[in-house]
Amino acid sequence: MYTSIIAGLGHYVPDNVMTNEDLSKIMDTSDEWITERTGIKERRWIDPKTDDSPSTMGTKAAKMAIANAGLVADDIDFIIFATLSPDYYFPGPGVMVQDQLGIKEIGALDVRNQCSGFVYSLSIADQFIKTGMYKNILVIGAENHSGGLEKSDRGRGVTVIFGDGAGAAVVQRCEDADRGILSTHLHSEGKHAEELALIGPNTGRWVPEIIEENDAEDSSYYPHMNGNFVFKHAVTRFMEVIGEALMANNKKSEDIDLLVPHQANLRISQFVQAKMKLSDNQVYNNIMRYGNTTAASIPIAMSEAFQEGKIKQGDLICLAAFGSGFTWASALIKW
Ligand code: UT7
């Protein structure tokens, strides 16, 4: 009987820092509004003059995770890549990472589950490890949001929140039954698909049609978010799915050493923390520095928390995410 441990973590963010002050120069917003509503002070946005992309950033994060696991790239036997902002419409960035790492012709899978993409990917990796199929799986979450955001007053409700970056984990086979991913919990509610979505272009309305329509009012090719609606669902689903993970393992909130929530909004994390009566030391947040990096947010946060000594062997770590789909998910890990 195998278990799956996280043997190494890594992250990479673009050098280019965009502060709230910087944003207020290109749209009608302010540091005060962004800080009060979201907790974000700055985020990283790719400088188009660099070669940063979801695949190249993912590869950099992966190299760090592989080194931290004490492995070399050829030890990896499967790649799972979660993103909503792939380099290309197709193929997905998983195969690009295989090429950029220069490794043998292993399988590469792309996951389209937005903010909960990393937890979904971790769950897939866990199943492949537990069946005995693979030993070392690279799980990556990476996003280039800045390239597709509407940088104007009309887009400000969405644009100020999102940042770019990548995080990665090596999920490894372990024979110690007391360690590893204890359980994962995955959910979706597709009736709310359009509440947080980028609708066009799509397979029913291709780019040439959009160009031909030339409609200045059309914002369908920018991300749309019904902020209040998403916020209300997020707090409910975060609570539910964390509770589900605890109940499945006969644990209580006080048993959690560190909750690493998807960094959607500091107010959401603080609400969950207060409701679950968790101390500041039990919850990790870095949204202040990176904004919401969707599929990359949990692995970036875990990698930083690990570097800061906030995740240690024997700790009970809870991951939880909610986002577009809607999809939501959690994982409970005995480190
Ligand atoms: O990661 C995936 C999951 N995503 C989330 O969980 C995000 C959930 N939602 C949120 O985090 C919040 O809804 C937001 C941060 C997006 C928005 O905060 P809010 O408190 O819900 O603000 P609002 O959308 O109700 O807007 C309040 C006001 C509006 O003005 P009026 O109508 O009251 O005059 C907006 O036009 O704030 C205005 N506003 C802004 N003002 C300055 C919206 N965006 C901005 C902005 N700067 N960037």
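Tyr89, Phe90 and Trp206 make up a nonpolar patch on the surface, and together they have about 440 Å² of accessible area. Patches consist of residues with over 30% relative accessible area and no salt bridge, like charges being joined within 9 Å and nonpolar side chains (Val, Leu, Ile, Met, Phe, Trp, Tyr) within 5 Å. Accessible areas come from the Shrake-Rupley method with a 1.4 Å probe, and for residues only the protein chains shown count as cover.

The model is predicted: local features need pLDDT of at least 70, side-chain atom pairs count only at pLDDT 80 or more, and totals for chains, interfaces and linings use all residues. Residues are numbered from 1 along each chain as its sequence is written, and side-chain values use heavy atoms, with hydrogens and water left out.

**Exposure of single residues**

Tryptophan 206 lies in the loop between β9 (196-197) and α7 (207-213). Helices (H or I, at least four residues) and strands (E, at least two) are DSSP runs, numbered from the N terminus. With a relative accessible area of 42%, tryptophan 206 is partly exposed; buried means under 20% relative accessible area, exposed over 50%, and partly exposed in between (1.4 Å probe, protein chains only). Arginine 156 is found in helix α6 (residues 156-159), and arginine 156 counts as partly exposed because its relative accessibility is 39%. The C-alpha atoms of arginine 156 and leucine 278 are separated by 32 Å, the two residues being 122 apart along the chain.

**A mostly covered helix**

In helix α11 (residues 297-307), nine of the eleven residues are buried. Among them are Ile298, Pro299, Ile300 and Met302. Glycine 309 follows α11 and has a positive phi, near 80 degrees.

The largest pocket holds about 1,100 Å³ of space. Its lining has 31 residues, of which Leu84, Ser85, Pro86, Arg112 and Leu198 are the closest to its centre. On a 1 Å grid over the protein atoms alone, a pocket is an open set of points where a 1.4 Å probe fits, with protein on both sides within 12 Å along at least five of seven lines; lining residues have an atom within 4 Å of a point. Grid points are joined across faces, edges and corners, and a volume is the space filled by probe spheres set on the points.

The second largest pocket has a volume of about 490 Å³. Of its 24 lining residues, Ile161, Met225, Gly227, Phe231 and Asn265 are the closest to the centre. Helix α8 gives the most to this lining, with six residues.

**Salt bridges**

Side chains of opposite charge can pair when their charged atoms come close. A salt bridge is a side-chain nitrogen of Lys or Arg within 4 Å of a carboxyl oxygen of Asp or Glu. The whole structure has 14 salt bridges, including the following.

| Salt bridge | N to O distance |
|---|---|
| Aspartate 52 and lysine 60 | 3.7 Å |
| Arginine 205 and glutamate 213 | 2.9 Å |
| Aspartate 315 and lysine 312 | 3.6 Å |

Aspartate 52 is buried, at 10% relative accessibility, whereas lysine 60 is partly exposed, at 36%. Likewise, aspartate 315 is buried, at 9%, and lysine 312 is partly exposed, at 48%. Glutamate 213 is partly exposed, with a relative accessible area of 42%.
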